[in-house]
Amino acid sequence: MIAAKRTPGDVLRASRKRDSQTKRAKVLATLDALKAKGEPITFTAVARAAGVSNWLVYAEGVREHIEVAMKGQTKADRRTRQAGANASAASLATDLALVREENKALREERDRLKKAVQRSLGAQLDHAGTKELTARINELLAAVERLTLERDEIRAERDELKAKLAAAEDDLVAAREAGRRMMRYVNLGQQ
């Protein structure tokens, strides 16, 4: 078999087809990146981010992907607003900061109370007998133990909040990755 000789027009058409496919792939990759970042998706934003003409993002085969992403983003925002139950990473970070401040205040109060107890105990040593002092020491030891338990509970709560924050961040990363994979699968199925 003799291969047909390619004309300059054939070469130009093949080159333009490759360029078109490259630009379309770039638009779809940019769309995935915008979704992953959680940025608002519009035709203009995708065109600007991909560095392509506005015409291309409205072209058949590309427009549908952008429209699906826009609708998905709108639905996800609506669901999140309606649910109101999802704690964002910022919310968890704020809770953690509040717990830290509370821990700091409790430590300061504990130290202040400890010093007051020491002063009071010193004054009582001058006036009280051994029996009363022993009872008072036992009371103070119980108070110290109670404060220690409270401190440990607060630390455990702080650690739990840190773990929830880390889990929420991991879930967010996993959800974004699953979204990317799903879009790739959908994109491959439509080609």
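I looked up H65 first: at 6% relative accessibility it counts as buried. I note that the model is predicted. The cut-off for buried is under 20% relative accessible area, so H65 qualifies.

I then placed H65 in the fold. H65 sits in helix α4, which covers residues 63-83. A polar atom of the H65 side chain lies 3.5 Å from the backbone oxygen of G61.

I also took a C-alpha distance from H65 to V27. The two residues are 38 apart along the chain. Their C-alpha atoms are separated by 9.7 Å.

Next entry: T30. I found T30 in helix α1, residues 8-37. Is T30 buried or exposed? I read a relative accessible area of 12%, so T30 is buried.

I asked which residues T30 is in contact with, leaving aside neighbours within four places in sequence. The list is V46, A49 and A50.

That took me to helix α2, residues 43-50. I listed the buried residues of α2: F43, V46, A47 and A50. I looked down the axis of α2 to see where these residues point. They fall within an arc of 95°, so they line one face of the helix. The general rule I kept in mind: an α-helix has 3.6 residues a turn, so residues three or four places apart point the same way.

Two of the buried α2 residues, V46 and A50, are also among the contacts of T30.

Definitions and conventions
Residues numbered from 1 in each chain as written. Predicted model: local features only at pLDDT ≥ 70, side-chain atom pairs only at ≥ 80, totals over all residues. Heavy atoms only, no water. Buried < 20%, exposed > 50% of the residue type's maximum accessible area, 1.4 Å probe, protein only. Helix = DSSP H or I, 4+ residues; strand = E, 2+ residues; numbered from the N terminus. Arc of directions from axis to C-beta. Contact = heavy atoms within 4.5 Å. Polar contact = N/O pair within 3.5 Å; in protein donor to acceptor, adjacent residues only side chain to side chain.
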